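This report walks through selected features of one protein model, from its surface charge to its strands, salt bridges and backbone. Please keep the sequence and the structure in view while reading.

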Amino acid sequence: MRLVQMWLLVVLINVTAEVMGDPKGSWDTISIFNQAPLEIKLGASHDGPDPDLVALVLWNDSVNNRLDAVHIPPPYDGTGITTTALENTAILFNLGSLCTDGTNLIAPYIKDFNLEVARFNGSNWSTMTVPGTTTNNFDNANCGANQDGIFLGAHDLTDGETEYFRSTNGGSNYTFYGRYTSAGPFDGAIREPLVTTDFTRYLYGLNQQSNGQVRVSRTSTAGASASFSHFPIENLPAPAGFTFVKEGVGVANGPGVAFTYNSEGTARLVEVPNNNPGNTTERNLGMINNNGSQFTFQGGAITTFKNLNGVPASNKILWGDYWYVSPYNNSAQVLSDVSFPLTGVGGPVATCQVSEQGAYTHDTQLVVGGPRVGSTGTDLQIRDVNVDSLFTDGFESGDTTAWFATCP
């Protein structure tokens, strides 16, 4: 009886921590690349246990922009790192969000204003130009995947629209999927993110129109082609040309999706429920500092930690500052981690969450990729998070331990 009572006490304590989703412990720094990132994205090399964390780093060698893929194997402590050079060319920019489909990792980007894809098939990297993107100029790229395929979203600067392409064979080839009007980053508009959901089978984008309106666009991915619905978020001044990239990023968070974006210098969070996308939860988080100590721009990132029942417990939002807040709750207090190592540094950031799942525990960490503080390079910042630290099914599954990674 006493053992049962003690176990229930542990569960109660951890449920409280799980709901809060607070950071715990101190930050650990892992050096992964010796060049400073202009852009960085994180992904998992494959679905399932023990993937490599993969950092795609776009950097400049004083002549060309270059793209390298850095593999960090579990336990993600900096040992066993390998690097593959993918691109080395003058017009290379806009590295998009990565997505994983089975044993394939997809990384979209823009080269010579064409939509390009780097693909890791579990053994080797390859690159290709997406058919139909060589005539017009493109200035944005992102990737999302669910059971209906791999989806690439790209902004066509020439035609003033967002265009989507789909692959149903692991990224071997792509066909046109759908479009809608939008302004893009070279117009001075928000750099549009793309988010896909699994069980509800949706594709979302948050885009800005030429009149300044910000909206969320959505389609079911169950059909052969897209049929988008649009939901207004806020009205901003009309984009007036490129001065700097106004970043936008998103993540699926269980009952819906969450976006954070640069709203005229303010970090804004918008959560969209799948069952009623017009009923959004919106808030301003704080000012974005575009003049950091090492970079004169600031990227953004978001990830949502869930409890053991799959309910979102905490949004982690990075815009130089590290904010965290309970999901879908306009009255929840926005908290900050004042110990975040990249506060005030500037530059790109990307996030993953990794968990070590063993017989009796399930420990979760936040991984942040970004610039090396105080010198040239790219590092991972890693910190434990008070989510999912309950006992797991060790009595049924044995005493094996595996790592898992979730990267928005």
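Asp28 sits in strand β1, which covers residues 23–33; strands here are DSSP runs of E with at least two residues, numbered from the N terminus. This is a predicted model, in which local features need pLDDT of at least 70 and side-chain atom pairs count only at pLDDT 80 or more, while totals for chains, interfaces and linings use all residues. Residues are numbered from 1 along each chain as its sequence is written, and side-chain values use heavy atoms, with hydrogens and water left out.

On the surface, Asp28 gathers with Glu356, Asp363 and Asp384 in a patch of negative charge. Such a patch is made of residues with over 30% relative accessible area and no salt bridge, like charges being joined within 9 Å and nonpolar side chains (Val, Leu, Ile, Met, Phe, Trp, Tyr) within 5 Å. Asp and Glu count as negative and Lys and Arg as positive, whereas His and the chain ends are not counted. The place of a charge is taken as CG of Asp, CD of Glu, NZ of Lys or CZ of Arg, and accessible areas come from the Shrake-Rupley method with a 1.4 Å probe, only the protein chains shown counting as cover for residues.

## Strand β27 and its partners

Strand β27, made of residues 350–357, is mostly covered, since six of its eight residues are buried. β27 pairs in the antiparallel sense with strand β28 (residues 362–371) over eight bridges, two strands being paired if DSSP finds at least two bridges between them. In this pairing, Cys352 stands opposite Val367 of β28.

β27 also pairs with strand β30 (residues 402–406), again in the antiparallel sense, over five bridges, and here Gln353 stands opposite Thr406 in β30. As a general point, the side chains of a regular strand alternate between the two faces of the sheet.

The structure holds 11 salt bridges, a salt bridge being a side-chain nitrogen of Lys or Arg within 4 Å of a carboxyl oxygen of Asp or Glu. One of them joins the side chains of Glu39 and Arg191, at 3.1 Å from N to O. This pair links distant parts of the chain, with Glu39 in strand β2 (residues 39–44) and Arg191 in the loop between β14 (175–181) and β15 (194–196), 152 residues apart. Arg191 also meets Glu247 in a salt bridge, at 3.2 Å from N to O. Glu247 lies in the loop between β18 (229–235) and β19 (248–252) and Arg191 in the loop between β14 and β15, so this pair ties together parts that are 56 residues apart in sequence. Glu39 and Arg191 are both buried, and Glu247 is buried as well.

A further salt bridge forms between Asp337 and Arg383, whose closest N and O atoms are 2.5 Å apart. Asp337 is in the loop between β26 (335–336) and β27, while Arg383 is in strand β29 (residues 378–385), 46 residues apart. Asp337 counts as buried because its relative accessibility is 8%, and Arg383, with a relative accessible area of 11%, is buried too. Salt bridges that share partners join Glu39, Arg191 and Glu247 into one network.

## Backbone details in two loops

In the backbone, the peptide bond from Pro74 to Pro75 is cis, with omega near 15 degrees, and Pro75 is found in the loop between β4 (65–72) and β5 (82–89). Tyr76 lies in the loop between β4 and β5 and has a phi near 60 degrees, a positive value in a residue other than glycine. Tyr76 has 3% relative accessibility and therefore counts as buried.

Asp50, in the loop between β2 and β3 (53–60), has a phi near 55 degrees, also positive in a residue other than glycine. With a relative accessible area of 36%, Asp50 is partly exposed.

Notes
Helix = DSSP H or I, 4+ residues; strand = E, 2+ residues; numbered from the N terminus. Buried < 20%, exposed > 50% of the residue type's maximum accessible area, 1.4 Å probe, protein only.
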